[in-house]
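Please work through the exercises below with the sequence and the structure in view, and try each task yourself before you read its solution.

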Amino acid sequence: MTDLRTVSLEVLRRAGVVRVYDVGQRLIVLDAQGRGHALEGDSARLARAVLAYLLVGHTRNELYEHLEVLSGAPLGATDVVDELLALLLGAGALERGAPASRVVPLHTPGHRVVLGITGAVAAMNAPVLVQALLERGLVVRVVATREALRFVRVEGLEALTHTAVVADMWPVDSALAVPHIGLAQWADAMLIWPASATTIGRIASGDFSSIVAAVAASTSAPVMLAPSMNPAMSGSAAVQRNLEQLIDDGFHVVHANTGIEVADRPDQRTPTTGGAPSPAIILQLFDAMLRDNPRPRPHDTEDWDNVYRRAPETLAWHHAAADDDLVAIAAAMAAGSRILEVGTGLGVLALACAGLGYRVVATDLSRRAVALARERDSTSAVVWVEDDITDSRLHGSFELMLDRGCAHLLGDDALDGFVRNAARLVAPGGQLVIKALATAAAPGLAVLDGARVRARFGAAFALASEAPSTMPGPSAAPAARLFVLKRHG
Ligand SMILES: Cc1cc2nc3c(=O)[nH]c(=O)nc-3n(C[C@H](O)[C@H](O)[C@H](O)COP(=O)(O)O)c2cc1C
């Protein structure tokens, strides 16, 4: 008889939103209709173990094995576990494959976002939006009008962002001598949520008297506004005129959704139009705007740390397995060779090289990435270092240096720094292997092609080969080029 356990590859994971609670010995699971299913004793204990293990996706077989390890005995029949899984799946506490609630990863995370909050009643929900923006891997600075701060507290916003809320045209910290210009230049994008009628009027008429309007009108970054007001206000000729002006001027103006009107008595409120969309909806619209207006790349170490802050396995360049062609190159090295991998991310390639028996040093600009990679290295096979290869502090001599997806993110100046350090770190006669996307890695960047490689690397390296390749990620494997360079002897 076939052992079904060996053929089930279905991945299960805990849903992002679960309706489960414990009371005494019981565990209660609510389904989507709000019906409660009570589990007791061993069933409740089993459900707790399953929900804990499936926080990260696993196949059924992995789950069975995990439960065997936990109980210290063979599982035997899997009916009880399967029944429980059916219940949890039916109740929406578990999902199959990728969680439906997972948002599509931004292709260029690390965007710097100025969130403008103005004196509309929806401002009281601003902290929810701030947290949602942070969870998307965005770097957030908050600017707020004085009226906005009657609805939401500075302290809460600052606790979330760990930066000062700017609520004045005058400086609050020395790094921002003229806040509205500093932030206008810093921003990759701006979101004004909610946008009051007054602020809309200010921006439309070029009135720079509030910090929110001043940043919005001064920045060359894309700005999205979510008008939020009573329908009597939004329908007024003045507001309509101002909104048309903003659309003409290139602002992204969001359509209103239904909301409540606080001018109505609490017991008489009915949904009315005119409100800003909820944080969850505005986030989708803002994402769409960012996708249309991508920035070249995260700017600095802090941005890269932010990139690796959440769901790093979903990053466009991360792949669970090391690229075959890079592993094949490493595998051809003499025993005992020293390998340097730059831009290691979660360390997949470095670990594969260490698995082949080489001495491996792996670096990344992001401290967080280095920490995550180190966590995955259960046998401490790799030396993990936080380092910027364009301005490296590393010492040593390596027979092979691997770069999967760093050099293609560099402009000429930074690329020259990369070459300088690679020339210093790769032993005479050693190899430098670069995998770069075949198309520009980000808008405004030149493709790293053979001509550019020769021009920039030629003084220290000879281009031995250039071959088509791919850069596998979580959902796609875009075309790439593989350059093998040899350090002059
Ligand atoms: C309780 C209350 C709720 C308000 N809600 C809104 C609103 O939802 N939208 C709006 O445009 N103005 C609203 N206002 C009026 C604004 O606060 C006022 O126009 C203010 O000047 C906006 O200034 P600002 O754009 O500088 O924040 C509200 C005022 C109060 C007292």
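Two exercises follow, both on a predicted model.

**Exercise 1. The shell around the ligand**

Task: Find which residues come nearest to the ligand, and describe the classes of residue in the shell around the ligand.

Solution. Begin with the 15 residues around the ligand, among which G119, T145, S196, T199 and S228 come nearest. Next, sort the shell by class, which gives six nonpolar, seven polar and two charged residues. Then turn to the secondary structure, where helix α7, spanning residues 197-205, gives the most to this shell, with four residues. Finally, consider the ligand's surface: on its own the ligand has 640 Å² of accessible area, and the protein covers 67% of that.

**Exercise 2. The surroundings of K435**

Task: Decide whether K435 is buried or exposed, and find which backbone oxygen lies 2.8 Å from a polar atom of its side chain.

Solution. First locate K435, which has its place in strand β18, residues 426-437. Its relative accessible area is 1%, and because a residue counts as buried under 20%, K435 is buried. Next, follow the side chain of K435, where a polar atom lies 2.8 Å from the backbone oxygen of T470. Lastly, leaving aside residues up to four places away in sequence, list the residues that K435 touches, including D323, D325, D403, R404, T470 and R481.

Notes
Residues numbered from 1 in each chain as written. Predicted model: local features only at pLDDT ≥ 70, side-chain atom pairs only at ≥ 80, totals over all residues. Heavy atoms only, no water. Near = heavy atom within 4 Å. Areas by Shrake-Rupley, 256 points an atom, 1.4 Å probe, with all protein chains shown as cover. Helix = DSSP H or I, 4+ residues; strand = E, 2+ residues; numbered from the N terminus. Nonpolar A, V, L, I, M, F, W, Y, C, P; charged D, E, K, R; others polar. Buried < 20%, exposed > 50% of the residue type's maximum accessible area, 1.4 Å probe, protein only. Polar contact = N/O pair within 3.5 Å; in protein donor to acceptor, adjacent residues only side chain to side chain. Contact = heavy atoms within 4.5 Å.
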